[in-house]
Amino acid sequence: MSIVARLVVGTIVAPFAAVGVYMHGLWAGHFLDLRATSVYCPAKPLASTSTSADWLPLRHLCRYADGTTTELVPPYVNPIVFLCLAIAVACTALALRSARRPANADPTAFEPPR
């Protein structure tokens with residue numbers, strides 16, 4: 001398999017991995033949970049605004065009456081999502097660069113500027 005083909009595979013696989021981990025974060029962070037908030041935030045009495053949520057970076061907080069918060073989204077979700085997206089961008093850039101390079105070019109040869 002050529003290097004361009006491998007980079008194209010990375011360009012396709014990395015976003016799918018990011019979406020999969022993001023969906024896991026939605027599930028584990030109780031974004032899709034239809035139960036009452038007190039069911040998945042049972043530690044203390046809840047504040048009047050019991051939760052707050054952000055979609056990017058993925059964050060879902062339980063807000064308690066004493067001012068403390070608990071994060072419901074696992075801490076590994078956002079770094080993995082952003083790492084996969086960075087890998088996809090890097091693979092795309094490298095695949096485009098490799099595809100535009102002449103096939104007979106010697107990568108070790110140095111050509112002085114004109």
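Me: Which residues form a disulfide here, and how far apart are their sulfur atoms?

Reply: C41 and C62 form the disulfide, with 1.7 Å between their sulfur atoms. In general, a disulfide is a covalent bond joining the sulfur atoms of two cysteines; here the term is applied to a pair of cysteine sulfur atoms within 2.5 Å. The structure holds one such link. The model is predicted, so local features need pLDDT of at least 70 and side-chain atom pairs count only at pLDDT 80 or more, while totals for chains, interfaces and linings use all residues. Residues are numbered from 1 along each chain as its sequence is written, and side-chain values use heavy atoms, with hydrogens and water left out.

Me: What is the handedness of the link between C41 and C62, and where in the chain do the two residues lie?

Reply: The angle about the S-S bond is -55°, and the link of C41 and C62 is left-handed. It connects distant parts of the chain, 21 residues apart: C41 lies in the loop between α2 (37-40) and β1, whereas C62 lies in strand β2. Helices (H or I, at least four residues) and strands (E, at least two) are DSSP runs, numbered from the N terminus.

Me: Are C41 and C62 buried or exposed?

Reply: A residue is called buried under 20% relative accessible area, exposed over 50%, and partly exposed in between (1.4 Å probe, protein chains only). Both C41 and C62 are buried.

Me: How many bridges join β1 and β2, and which residues does H60 contact?

Reply: β1 and β2 (residues 58-64) pair in the antiparallel sense over six bridges. Within this pairing, S52 stands opposite L61 in β2. H60 is placed in strand β2 and is buried, with a relative accessible area of 5%. Contact means heavy atoms within 4.5 Å. Neighbours within four places in sequence aside, the contacts of H60 include F31, Y40, S52, T70 and V73. On strand β1 lies S50, which counts as buried because its relative accessibility is 18%.

Me: What span do helices α1 and α3 have?

Reply: The expected span of a helix is 1.5 Å times one less than its number of residues. α1 has 26 residues and reaches 37 Å from its first C-alpha to its last, close to the expected 38 Å. The 24 residues of α3 (residues 77-100) should span 34 Å, and the end C-alpha atoms are 35 Å apart, which agrees. The buried residues of α1, among them L7, A14 and V21, pack against β1, β2 and α3. Those of α3, including V81, C84 and C91, pack against α1 (3-28) and β2. H30 follows α1 and has a positive phi, near 60°.

Me: Which residues form the aromatic pair?

Reply: Rings of Phe, Tyr and Trp (its six-membered ring) pair if their centres lie within 6.5 Å; planes under 30 degrees apart count as stacked, over 60 as edge-to-face and the rest as tilted. The structure holds one aromatic pair. F31 and W55 form it, tilted, at 5.1 Å centre to centre and 40° between the planes. F31 lies in the loop between α1 and α2 and W55 in strand β1, 24 residues apart. F31 is buried, with a relative accessible area of 16%, whereas W55 counts as exposed at 52% relative accessibility.

Technical notes:
Two strands pair if DSSP finds at least two bridges between them.
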